[in-house]
Amino acid sequence: MIVAEQKDITEIIKMIEGYQKILVIGCDTCVTVCLAGGVKEVAILASSLRLAYQVQGKEVQVHETSIERQCEKEFVDSLKSAVKGHDLLISTGCGIGVQTIAEQFPDLPVIPALNTSFLGLPEKQGVWVERCQACGQCILDKTGGICPISRCSKSLLNGPCGGSQNGKCEINKDIDCGWHLIYERLKALNRLECLEEIMPVKNWSTSRDGGPRKVIREDMCL
Amino acid sequence: MKAGSRLEKLLNQGEFVATAELGPPKSADIQIIKKKAAILRGYADAVNITDNQTAIVRVSSIAAAKIALDEGLEPIIQMTCRDRNRLAMQADILGAHVLGLKNLLCLSGDHQSFGNHPQSKNVYDLDSIQLVQMCKNMRDGKVFQCGEEIRNTKKSEIVEPRMFLGVAANPFGDPFEFRVVRLAKKIKAGADFVQTQCIFDLPKFKTFMQMVTDRGLHEKVSILAGVMPVKSPKVLQYMKNNVAGMSIPDDLIRRMTGAADAKAEGVKICVEMIQQMREMPGIKGVHIMAVEWEEIVPTVVKDAGLWPRPEIAAE
């Protein structure tokens, strides 16, 4: 899932200055699970904004709504009637949600209420962790199902650097050394020989570095 | 001969080599480089020129190395994977060769969060093992990383950069059993020499070297043991608490604390460590890391009986 965090309210207020009729749009998928932009968070954000305007003595209307998935045009199109009459949209979706709304409603400004953090999972109540950097060339078969690109602070491909100690990363004792985890996992699987092989230079052109990426399934195209 | 560097020749000659370190300044002050070079001249067979050490911006390793070369030192350029992608690395390696530099130490590099630009983006296009492999392919295969031949035009001659290739090894990082595997990978990738992390924990290092010799790795690569003269027990305590991948026995801290003259004791401990290394099978030299204490290197080298330094035999 995509993990995000709400921006500081003062930053949001600054971004929406001068608008009169604002619609806050939530997303019921990833950002609901990470408690950043679902129905509940939209309600809290909208109330906070109303309160802020009330204190400032401004007459600004703030309405709220939410859709199943902001990252699909069909769902975003269902907002057509709700959007009518507003001069600003606030998305509490991830960066993809914000952009889908912008694409579908080209005449209206849309601003992000969240910072999109990473692709990951909830580890325990209130804690989310990163697991994938969408590099476009999965090597999890060679690393015991643990991703060195996202879990090693240097995205190393040939084992832990000299800063790995007691299973922790050199940059912070709260961060597990990704390569230590890989080592322990491969040991448990009796596959340590995987680590003797030199992992070749990575082709990063399938990652962010190749420009905006696109997946085309000819067999599925109409 | 791979690169024909002084370091390579002395190792081939069977000398017990001594390398030192020169940290370039955090300003554009050339005099600091010259001053440090003057201190080290004649006391080290080669000198590592660090590359934005601890992720703090300094005069570039190659620029400082050229000055050190002109001042009569044999530089070992350090190159980290943190700040450059494969284009920049290869351009710098070509540049280093053009300037007459012949030794290159390939490193991962300290994470940028340690340094003075923690908000920067790190690169790690390659890791240190892939960097060694690329440099070896440039030298021996005469090709760039992409596979293209190293020639200016299709009709030009191939002129490849020739570096004597070094790597670091940290016997005190975890997982301990993997450290020797990692060293083996670095050798397979093309390392000619190895400089280890500073050794304070001799028993652990002996265990590591036993694993190295069991695999016969010492016969494939020249291993230089890292030693460090320390000025005070505080330095040791700081490293123990704050530097990941260091093993510092409490006995040593107690010995430094009890000493009347801590600096003299630090030198003595370092000299004793060098003596131990000279006796240890598989060790071909020492790498003296006197961080921001370059002026002590001549004393350490002399007290360890490593002075004068050997000359290259006539061919």
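**View 1. Helix 2 and helix 3 of chain B.** In this predicted model, helix 2 (residues 30-40) of chain B and helix 3 (residues 61-70) of chain B cross at roughly 50°, and their axes come within 9 Å. On helix 2 of chain B, the contact is made by Ile30(B), Ile33(B), Lys34(B) and Ala37(B). Helix 3 of chain B contributes Ala64(B), Ile67(B) and Ala68(B). By class, the residues of this contact between helix 2 and helix 3 of chain B comprise six nonpolar, no polar and one charged.

**View 2. Helix 6 and helix 7 of chain B.** The axes of helix 6 (residues 176-189) of chain B and helix 7 (residues 202-214) of chain B lie 10 Å apart, and the two helices pack at an angle of about 45°. This angle makes helix 6 of chain B oblique to helix 7 of chain B. The crossing of helix 6 of chain B with helix 7 of chain B is right-handed. Arg179(B), Val180(B) and Leu183(B) form the helix 6 side of the contact in chain B, whereas Phe208(B), Met211(B) and Val212(B) form the helix 7 side. Five nonpolar residues, no polar residues and one charged residue make up the contact of helix 6 of chain B with helix 7 of chain B.

**View 3. The fold of chain B around these helices.** Chain B contains eleven helices and eight strands. The radius of gyration of chain B is 19 Å, close to the 20 Å that the globule rule gives for 315 residues, so chain B is as compact as a globular protein of that length. Along the principal axes, the C-alpha atoms of chain B fill a box of roughly 70 × 45 × 45 Å. Of the 315 residues of chain B, 50% count as buried. Among contacts in chain B between residues at least 6 apart in sequence, 79% join residues at least 24 apart.

**View 4. The contact between chain A and chain B.** In this view, 24 residues of chain A are in contact with 26 residues of chain B. The side of chain A that touches chain B consists of ten nonpolar, eleven polar and three charged residues.

Definitions and conventions: Residues are numbered from 1 along each chain as its sequence is written. Chains are lettered from A and ligands numbered from 1 in the order in which they are written. This is a predicted model: local features need pLDDT of at least 70, side-chain atom pairs count only at pLDDT 80 or more; totals for chains, interfaces and linings use all residues. Helices (H or I, at least four residues) and strands (E, at least two) are DSSP runs, numbered from the N terminus. The radius of gyration is taken over C-alpha atoms; the globule rule is 2.2 Å times the number of residues to the power 0.38. A residue is buried if 20 or more other C-beta atoms lie within 10 Å of its own, exposed if 12 or fewer, and partly exposed in between; C-beta atoms are placed from the backbone. Two residues are in contact if their C-beta atoms, placed from the backbone, lie within 7 Å. Axes are lines fitted to C-alpha atoms, for helices over the stretch in contact, and angles run from 0 to 180 degrees between N-to-C directions. Angles under 35 degrees count as roughly parallel, over 145 as roughly antiparallel, 65 to 115 as roughly perpendicular and the rest as oblique. A crossing is left-handed if the near helix is turned anticlockwise from the far one by less than a right angle, and right-handed if clockwise. Ala, Val, Leu, Ile, Met, Phe, Trp, Tyr, Cys and Pro count as nonpolar, Asp, Glu, Lys and Arg as charged, and the others, Gly among them, as polar.
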